[in-house]
Amino acid sequence: MNIDPRPSVIEERLKNIKRVIAVTGWKGGIGKSVTATTLALLLAKKGYKTGLFDLDFAGASDHIILGAKGLFPKEEKGLEPPVYEGVKFMSVVFFSENKAVPLRGANVSDAIIELLAITQWGELDFLVLDMPPGINDAALDVMRFARKAEVLAVTTPSVLAHDVLSRSMALYKNLKVPVLGVVENMSPGRARAGVSACIKTDTGLEKAIGRPSALLKTAFARDLSRTLKNLNLP
Ligand SMILES: Nc1ncnc2c1ncn2[C@@H]1O[C@H](COP(=O)(O)OP(=O)(O)O)[C@@H](O)[C@H]1O
Ligand SMILES: [Mg+2]
């Protein structure tokens, strides 16, 4: 008998969120975090109620991309994410730094599920999940528990990245997880088969890290914005 209460708790928590977009990719360093963070900033700027949740325990970086310092969720019948640049922001880094460790002893997967169960997002149009690379237990659990999630897959033009991409697509199909689209990042601009949109390498991106307003003015953000239109996102 399955007596794990968390799936129904998570369903309840995500009830008032219209769309959950999981930014995934089977490799590290391919632009998942810049994509997820910029996507959240773009949606918030357009007036959508937006949340961003960095779930990458090993490489949380959205707080650095945002330049968000000194933030911490408020304990209010669970955890209320701080609002930064119009985005409700939650990150595993809040719990893995030397601040507060309410999750001692729990493994990463349990910790992520716990955070999904206790975070109070309230009403949102979009919740963007910055996923850990690959499809480890934690990533699978997110897909299993956050049943609303749609995948936005990030890849690079490399043959190797495309190889793992096709395997990941087969897995999502198997798991019946809807795939919103595939973004080829750091792309020469000629999309391979299966790619919905391309984002070019932007030499100015690095300088905008940590500065949300500068980030939104980059060629990267412009390309991503165009990509969203291709994917029927606002
Ligand atoms: N289109 C791009 N142009 C230039 N640099 C990029 C681009 N996409 C990602 N990067 C850089 O690549 C690095 C890795 O990106 P990141 O989002 O952290 O990858 P991941 O989350 O997949 O590990 C970062 O330094 C980021 O600024
Ligand atoms: Mg990342």
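1. At what angle do the axes of helix α5 and helix α6 cross? Helix α5 (residues 108–118) and helix α6 (residues 137–145) have axes that come within 8 Å and cross at roughly 30°. Axes here are lines fitted to C-alpha atoms, for helices over the stretch in contact, with angles from 0 to 180 degrees between N-to-C directions. The two helices α5 and α6 are therefore roughly parallel to each other; angles under 35 degrees count as roughly parallel, over 145 as roughly antiparallel, 65 to 115 as roughly perpendicular and the rest as oblique.

2. Before going further, please keep in mind that this is a predicted model, in which local features need pLDDT of at least 70, side-chain atom pairs count only at pLDDT 80 or more, and totals for chains, interfaces and linings use all residues. Residues are numbered from 1 along each chain as its sequence is written, while chains are lettered from A and ligands numbered from 1 in the order in which they are written. Helices (H or I, at least four residues) and strands (E, at least two) are DSSP runs, numbered from the N terminus.

3. On the α5 side the contact is made by Val108, Ser109, Ile112, Ile113 and Leu116, and on the α6 side by Asp137, Ala138, Asp141, Val142 and Phe145. Contact requires C-beta atoms, placed from the backbone, within 7 Å. By class, this contact has 7 nonpolar, 1 polar and 2 charged residues (Ala, Val, Leu, Ile, Met, Phe, Trp, Tyr, Cys and Pro are nonpolar, Asp, Glu, Lys and Arg charged, and the others, Gly among them, polar).

4. Which helices do the buried residues of α5 pack against? They pack against α1 (6–13) and α6. The buried residues in α5 are Ala111, Ile112, Ile113, Leu115 and Leu116. Buried means 20 or more other C-beta atoms within 10 Å of a residue's own, exposed 12 or fewer, and partly exposed in between, with C-beta atoms placed from the backbone.

5. The axes of α1 and α5 are 7 Å apart and pack at an angle of about 45°, and these helices are therefore oblique to each other. Their crossing is left-handed. Arg6, Val9, Ile10 and Arg13 of α1 meet Ile113, Leu116 and Ala117 of α5. That contact divides into 5 nonpolar, no polar and 2 charged residues.

6. Around ligand 1 there are 19 residues, the closest being Gly31, Lys32, Ser33, Val34 and Asp202 (near means a C-beta atom, placed from the backbone, within 6 Å). At least two residues of the shell come from each of α2 (32–45), β9 (179–187) and α8 (205–208). The largest share, 3 residues, is from α2. The shell has 7 nonpolar, 9 polar and 3 charged residues.

7. Two backbone angles deserve a look. Most residues other than glycine have a negative phi. Glutamate 85, in the loop between β5 (83–84) and β6 (87–91), has a positive phi of about 50°. Methionine 186, in strand β9, has a positive phi near 55°. Methionine 186 is buried, with 20 other C-beta atoms within 10 Å, whereas glutamate 85 is partly exposed, with 19.

Notes:
Contact = placed C-beta atoms within 7 Å. Left-handed = near helix turned anticlockwise from the far one by under 90°.
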